[in-house]
Each structure stands twice: as structure tokens, then as C-alpha cells.
Amino acid sequence: MDPFLSLLHSFSMSLSDHDLSSLKFLCLDKIGKRKLESVKTGIDLFLILLEQREIAKEKVDFLQLMIKTIKREDLIIQLQDFIESGQGDVVNHLDETEKRQQNVAFEVICDNVGKNWKMLVRRLGISDTKIDRILTASPYNLQEQLMQSLREWQKWKGKEAKVADLIKALRDCKMNLVADKVENELLQREN
């Protein structure tokens, strides 16, 4: 069975009637009222959201928002574990060389970009909403905020995520020294 469907089934089994009602309410703008009335279990709701492409293995933002809104920390932890295990992560779809290069680039960027990191991640296309969510998750750790933002970009771009785009964004933000360090580190690791 698909690990993502197993996760959704597990969520469904642990939802109370009140949790389900709250989740249905949160979906009013995504699912028609008639369809919502037919929802009797969490899995019914999740299947409709899957069908309408509101959630997917690689697209868990809305699911995460719903779970946070109903204040089910246990489910949030399960979802985070699923994402971190790589089962819901598009990083697995990158070729090994690109994945390795991105990890090197992320390390160099996190070590060398300071308080202007938001400018960089905005240039990469990360929304202010996602930036705010990342800030809330790690309010006092600048490097972690930047790393999570870069991972968010990697997840969002999927196979299209390229180190060359990171270097271009660094140069566009006038962070040429960091871009040079990324290029030098990649050259050193190749040899």
C-alpha cells in the first residue's frame, strides 16, 4: 500500500467527530457543500482532497495547515516524520549528482548568508507566507530558517531544482562572494 495513503488512513482512524467537523469546515472553500455533507470519515475527506489535487505525497502544505488548525500535535509530528523520511519528498526524484551538489550548495549558503536570507529565498520564489511559517517554526535559529527555506524551494521545484538557479539567485541578490564560494566548493568536491 502507498505510504501516503497509509498515513492518511492512520490520521482518519485517530480523528474524533469534532476533529472531522473542524476539518470539513476548513475545506468549505475547496470542496462543495454537497460533497462535504457526504463525508462521514476522515478518509472520505482525504480522498476528495486527493481527487481535487489539494493534497498529494509531494504537496502536504494544506494537510499540514488543517492539522495545525485543529491543534493535533501528534498528527503534525507523524506528518513531519513522513516528510523527513523522504517518502513525501521530491528530493528522492533528483539524480544523485544534483542532490549531492544541492546539499553542498545548501551548506555553503547557510554558513555564509546572514540576515539577508529572506531576499534570497524570495528571489527563489518562496512566498512570504511560507517564510513566516518557517520563522515561526525556528524563531531563533537563522541557519535553520535558511535551510528550511532552501528545502522548501527544493520541494517546490522538484526535478527542476538546479544549483545553477541557486547561484543565479545569489548573484541577482548581489551575494557574489557566496556564489563564488558555492562554485569553488563544488569544484573542490568534484576533484
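Guide: Happy to. A quick word on terms: a helix here is a DSSP run of H or I with at least four residues, a strand is a run of E with at least two, and numbering starts from the N terminus. Please keep in mind that this is a predicted model.

Visitor: Got it. How many helices and strands are there in the chain?

Guide: The chain has 12 helices and 0 strands. Going along the sequence, the pattern reads α-α-α-α-α-α-α-α-α-α-α-α.

Visitor: And what does the C-alpha trace span along its principal axes?

Guide: About 60 × 35 × 25 Å. Of the 191 residues in the chain, 41% are buried.

Visitor: What share of the contacts with a separation of 6 or more comes from residues 24 or more positions apart?

Guide: Those pairs account for 62% of such contacts.

Visitor: Let's look at some packing. At what angle do the axes of helix 1 and helix 4 cross?

Guide: Helix 1, residues 3–14, and helix 4, residues 42–51, cross at roughly 140°, and their axes come within 8 Å. The two helices are therefore oblique to each other. As for handedness, the crossing is right-handed.

Visitor: Which residues meet there, helix 1 against helix 4?

Guide: Helix 1 brings F4, L5, L8, H9, F11 and S12, and helix 4 brings G42, I43, F46 and L50. Sorted by class, this contact has 7 nonpolar residues, 3 polar ones and no charged ones.

Visitor: Okay, new topic. How many salt bridges does the structure hold?

Guide: There are 13 salt bridges. One of them joins the side chains of R72 and D19, at 2.7 Å from N to O. R72 is in the loop between helix 5 (61–69) and helix 6 (73–84) while D19 is in helix 2 (residues 17–26), so this pair ties together parts that are 53 residues apart in sequence.

Visitor: Is R72 buried or exposed?

Guide: R72 is buried, because its relative accessible area is 14% and the cut-off for buried is under 20%. D19 is buried as well, with a relative accessible area of 9%.

Visitor: Nice. And what about D61 and K130, how do their side chains meet?

Guide: In a salt bridge too, with 3.3 Å from N to O. This pair links distant parts of the chain: D61 sits in helix 5 and K130 in helix 9 (residues 128–137), 69 residues apart. D61 is partly exposed at 27% relative accessible area, whereas K130 is buried at 19%.

Visitor: Which residues are linked in a network of salt bridges?

Guide: D61, K130, R133 and E152 are linked that way. K130 and R133 turn up again where helix 9 meets helix 10, and so does E152.

Visitor: Then tell me about that packing: what angle do helix 9 and helix 10 pack at?

Guide: About 140°, with the axes of helix 9 and helix 10 (residues 142–157) 9 Å apart. Helix 9 and helix 10 are therefore oblique to each other, and helix 9 passes helix 10 in a right-handed crossing. On the helix 9 side you find K130, R133, I134 and L135, which meet Q145, Q148, S149 and E152 of helix 10. By class, this contact has 2 nonpolar, 3 polar and 3 charged residues.

Methods: Residues numbered from 1 in each chain as written. Predicted model: local features only at pLDDT ≥ 70, side-chain atom pairs only at ≥ 80, totals over all residues. Heavy atoms only, no water. Axes fitted to C-alpha atoms, helices over the stretch in contact; angles between N-to-C directions. Parallel < 35°, antiparallel > 145°, perpendicular 65-115°, else oblique. Left-handed = near helix turned anticlockwise from the far one by under 90°. Contact = heavy atoms within 4.5 Å. Nonpolar A, V, L, I, M, F, W, Y, C, P; charged D, E, K, R; others polar. Salt bridge = Lys/Arg side-chain N within 4 Å of Asp/Glu carboxyl O. Buried < 20%, exposed > 50% of the residue type's maximum accessible area, 1.4 Å probe, protein only.
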